[in-house]
Amino acid sequence: FLGRFFPNDGKRDFYNFCDSSQGVMVFYGGVLLLIGFMIYKFRSLNANAKVVLLFLVWTLTALALLVPLWFGDSLLVLFDRYTYFTAAFFYMLVAVSVSLIPMQYARILVIAVFALANLRFAVQVSRYWGKSEHTSTALLHNLPAPGDKTVILLNLPESIHGIPMIGSQKEG
């Protein structure tokens, strides 16, 4: 739900709640209620609702595979590829759910808002990557030639707006 773009204070509060025993109980209680509802109502649902439930189950199954993995909560793009596991099922779930809206204009409005929000944040991340790359390139190419002396850079930037700097970690 684009939570990585929320302000850091709000994210920290939400993550702390999710890490608490109350947050875990609320989450798994909600999942159990949802599963119980699906089992109880499954036979009486129409075919469209069954398709929505199928995609919801597949999305939850993909999320279950991600639960044991480490979650990086400090940077904007750290481990953002985790969503790739759920993306196919989630976007099909959104598409089928939106197709169930009876008014065509409302469907178009919901898809337009969803697409524009995703586009806005994709452009934002792309610009942050550009700033990160520009700063890294400037550091590499604009330092004075040291001659036979050793140059030590202190306080190298680790990230810009949550985008890790290229070369600032051991791996890079």
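The buried residues of α3 are covered by elements that include α2 (21-41) and α4. Contact here means heavy atoms within 4.5 Å. Buried means under 20% relative accessible area, exposed means over 50%, and partly exposed lies in between (1.4 Å probe, protein chains only). This is a predicted model: local features need pLDDT of at least 70, side-chain atom pairs count only at pLDDT 80 or more, and totals for chains, interfaces and linings use all residues. Residues are numbered from 1 along each chain as its sequence is written, and side-chain values use heavy atoms, with hydrogens and water left out.

**Helix α3**
- V52, L53, F55, T59, A62 and L66 are the buried residues in α3.
- N46 caps the N-terminal end of α3, with a side-chain oxygen 3.3 Å from the backbone nitrogen of N48. A polar contact is a pair of N or O atoms within 3.5 Å; within protein, one must be able to donate a hydrogen and the other to accept it, and residues adjacent in sequence count only if both atoms are side-chain atoms.
- The 20 residues of α3 should span 28 Å at 1.5 Å a residue, and its end C-alpha atoms are 29 Å apart, which agrees. The expected span is 1.5 Å times one less than the number of residues.

**Helix α4**
- T86, L93, V94, V96 and V98 are buried in α4.
- These buried residues of α4 pack against α3 and α5 (104-141).

**Surface patch**
- V24, F27, Y28 and V67 make a nonpolar surface patch of about 380 Å².
- Patch residues have over 30% relative accessible area and no salt bridge; like charges are joined within 9 Å, nonpolar side chains (Val, Leu, Ile, Met, Phe, Trp, Tyr) within 5 Å. A salt bridge is a side-chain nitrogen of Lys or Arg within 4 Å of a carboxyl oxygen of Asp or Glu.
- V67 sits in the loop between α3 (47-66) and α4 (84-99). V67 counts as exposed because its relative accessibility is 52%.

**Residue F17**
- F17 belongs to helix α1 (residues 8-19).
- F17 counts as partly exposed because its relative accessibility is 41%.
- Setting aside neighbours within four places in sequence, F17 contacts Q22, G23 and V26.

**Whole chain**
- There are 5 helices and 2 strands, in the order α-α-α-α-α-β-β along the sequence. Helices (H or I, at least four residues) and strands (E, at least two) are DSSP runs, numbered from the N terminus.
- Of the 172 residues in the chain, 20% are buried.
- The chain exposes about 13000 Å², with 68% supplied by carbon and sulfur atoms. Accessible areas come from the Shrake-Rupley method with a 1.4 Å probe; for residues, only the protein chains shown count as cover.
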